[in-house]
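Biologist: I would like to learn how to read a predicted structure such as this one. Could you take me through it feature by feature?

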Amino acid sequence: VTSTRATPTVVIGVGNSFRRDDGVGEAVAEHVRDALAPVGEWVQVMARDGEPARLIDAWDGAGLAIVVDAMRSGGRVGAVHRVEVDPLEGPPPAELLESAAQASTHGAGVGEAVALGRALGRLPRRLVVFAVEGEDFGDGPGLSTRVEAAVAEVAALVVAELAP
Amino acid sequence: MTHKAPAGRTLRVEALARVEGEGAMHIETRDGEVTDVQLRIYEPPRFFEAFLRGRAHTEPPDLTARICGICPVAYQMSACRAIEDACGVMVDGPLEQLRRLIYCGEWIESHTLHVYLLHAPDFLGVDSAIELAETERAAVERGLRLKKAGNEIVELIGGRAIHPVNVRVGGFYRVPTRRELAPLAETLERARDDALETVRWVAGFDFPDYEHDYTFVSLREPDRYPVLQGRLISNRGLDVAESAFLDHVVEEHVAHSTALHAHLGRDENYLVGPLARYNLNAEFLTPGAAGAALDAGLGSVCRNPYRSIVVRAVEVLHACETALSIIASYEEPDRPAVDVEPRPGIGHGCTEAPRGLLYHRYEIDESGSILDACIVPPTSQNQPTIEHDLWHVVEDNIDLDDAALTWRCEQTIRNYDPCISCSAHFLDLTRDDR
């Protein structure tokens, strides 16, 4: 893995762990943190609530940013979608990012952060989004069974993405 | 959707399904008269009140911080103060100063987010902050830089950028050294300049010509602009201890909303938040903020709710200056927290969240187990006033076409920076000519 202090790699779990399946981003991030624990330094793992300005701060200057978020598009619960966002051109994959935004803490989320970051030239060099289909976005902690079951798989996908 | 005022019409603004901040607006008119205004706002605190029962007295700061991603510090501070009140503990000195410092960070973050990314587009005729970034890139960059200064305070004192984990009943788990605070001061020097520039920027906006003789309610601290504690006061003579909050504020269910509406006494609407704080406490602004308010033309009393964006900007400057002065005089406390031993009783805590008064009340038993919890957030207090404003705004602008009128209504709702601010971007309009 090539990563320097100047172009760090970040893994960002997005969501609110007190809104059931919206906590999947943070759960995956924790899993990735544990998986990487022996080598730690070269990747920063963090949780964010999806508010666009905080997301932009989190990935600004990164060589690679991997964002994990919940989504609800009506698809199979626990399904994982991978989207790579072009930092310079082309529309963000709107449908996917909007359905992720609907499941994020403040309505505004990854999709808005991508659009705002691009307008300001503040996207990472590479941005990969993993969106996990959730079903329960009610109050309280704890993922639904099928989303919980997907956490390890998504974490493995993230770790694989980090490999050179 | 381009017509002159039809005989009757319905403006219905519905948020798409989302996790937090569900809200909807419904307005009906008949022959140029408004016949109905309903605002529905989703309220997470109701869930948390039940969730907290049976928990330990040490848990509310961590748990209630989860209610809002934008103002977790407010929830933590009201929770801490209410529990400490129940246990007969007063936190003062450097620990109290650190509480004020982290609260400054939250005001800077929350207000700046609202001013730049949510409310400014309403005044500048653009659809979103993304469009604003294209037309006024330097301004948006300034906003993000300023907001980041607030983030840095919350992260340093709170231990995390979101849902701070370093706050506890009695104080903190760990307190910063003077040396650790030094870089923050450098950031805040720059933020102060950005904040002043923000006041000048928003003061130049066009403000709709609307005023109302509101009842303003805020905290009053003896010698400073209110944030952490104080008496509950109004411009109509209210002046009581925060423990009397529920003797004066009455929450009621209304048919069109699952959220509670709050009134003073039986039916008096009131307003909490920046406008109320400013109108009742302007003499305690820091000198720079007071000067900026004067230059921005705010006057001693401001009754135009659209100018709340200017007051927010002034409060950001005040928060930057306050934070700088706290850092300059900071002495590391002997210990990071005072002991808070449980005892049976009831405690009250009222603090000034960015969007207004946030009241917590807890009843605990001798082991510290929570028997009852009550949380009154600012948005439920402002909700009847927002509906009142919408009523008049629609009447005054009945000739606008639907798109323009909906725009004005959303702008009006955002004057209060309610939790639905973000979702208002998803608002949808249908019309119904009758």
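Modeller: Start with one pair of strands: strand S3 (residues 64-71) and strand S5 (residues 126-133) of chain A pair in the parallel sense over eight bridges. Two strands count as paired if DSSP finds at least two bridges between them. Strands (E, at least two residues) and helices (H or I, at least four) are DSSP runs, numbered from the N terminus. Within this pair, Ala65(A) stands opposite Leu127(A) in S5(A).

Biologist: What should I know about the model and its numbering?

Modeller: This is a predicted model, in which local features need pLDDT of at least 70 and side-chain atom pairs count only at pLDDT 80 or more, while totals for chains, interfaces and linings use all residues; side-chain values use heavy atoms, without hydrogens and water. Residues are numbered from 1 along each chain as its sequence is written, and chains are lettered from A and ligands numbered from 1 in the order in which they are written.

Biologist: Where in chain A is confidence lowest, and where is it highest?

Modeller: pLDDT is the predictor's confidence in each residue, from 0 to 100. In chain A it is lowest in helix H3 (residues 94-102), at a mean of 53, and highest in H5(A), at 96. The average for chain A is 84, and 82% of the residues score at least 70. Where pLDDT is low, the predicted coordinates should not be read in detail.

Biologist: How many helices and strands does chain A have?

Modeller: Chain A has five helices and five strands. From the N terminus on, its elements run β-α-β-α-β-β-α-α-β-α.

Biologist: What is the order of the strands in the open sheet of chain A?

Modeller: The order is S2-S1-S3-S5-S4, with mixed pairing. Strand S2 (43-48) and strand S4 (80-85) of chain A stand at the edges with a single partner strand each, so one side of each lacks a neighbour in the sheet. Neighbouring strands of this sheet are turned by 20° against each other on average, direction ignored; axes are lines fitted to C-alpha atoms, for helices over the stretch in contact, and angles run from 0 to 180 degrees between N-to-C directions.

Biologist: Which strands pair with S1(A)?

Modeller: S1(A) pairs with S2(A) in the parallel sense over six bridges, and five bridges join S1(A) to S3(A), also parallel. Val10(A) has Gln44(A) as its bridge partner in S2(A), and Thr9(A) has Leu64(A) in S3(A).

Biologist: Are the faces of S1(A) covered or uncovered?

Modeller: Buried means under 20% relative accessible area, exposed over 50%, and partly exposed in between (1.4 Å probe, protein chains only). Thr9(A), Val11(A) and Gly13(A) on one side of S1(A), and Val10(A), Ile12(A) and Val14(A) on the other, are all buried, leaving both faces covered. Six of the six residues of S1(A) are buried, so the strand is largely enclosed by the rest of the structure. In chain A, buried residues make up 60% of the 164 residues.

Biologist: Which helix lies across strand S1 (9-14) of chain A?

Modeller: Helix H5 (residues 145-162) of chain A lies across S1, S2, S3, S4 and S5, running at about 165° to S5(A). Contact here means heavy atoms within 4.5 Å.

Biologist: What is the strand order of the sheet in chain B?

Modeller: That open sheet of three strands has the order S6-S7-S8, with antiparallel pairing. Two bridges join strand S7 (residues 231-234) of chain B to S8(B), and Leu232(B) stands opposite Val240(B) in S8(B).
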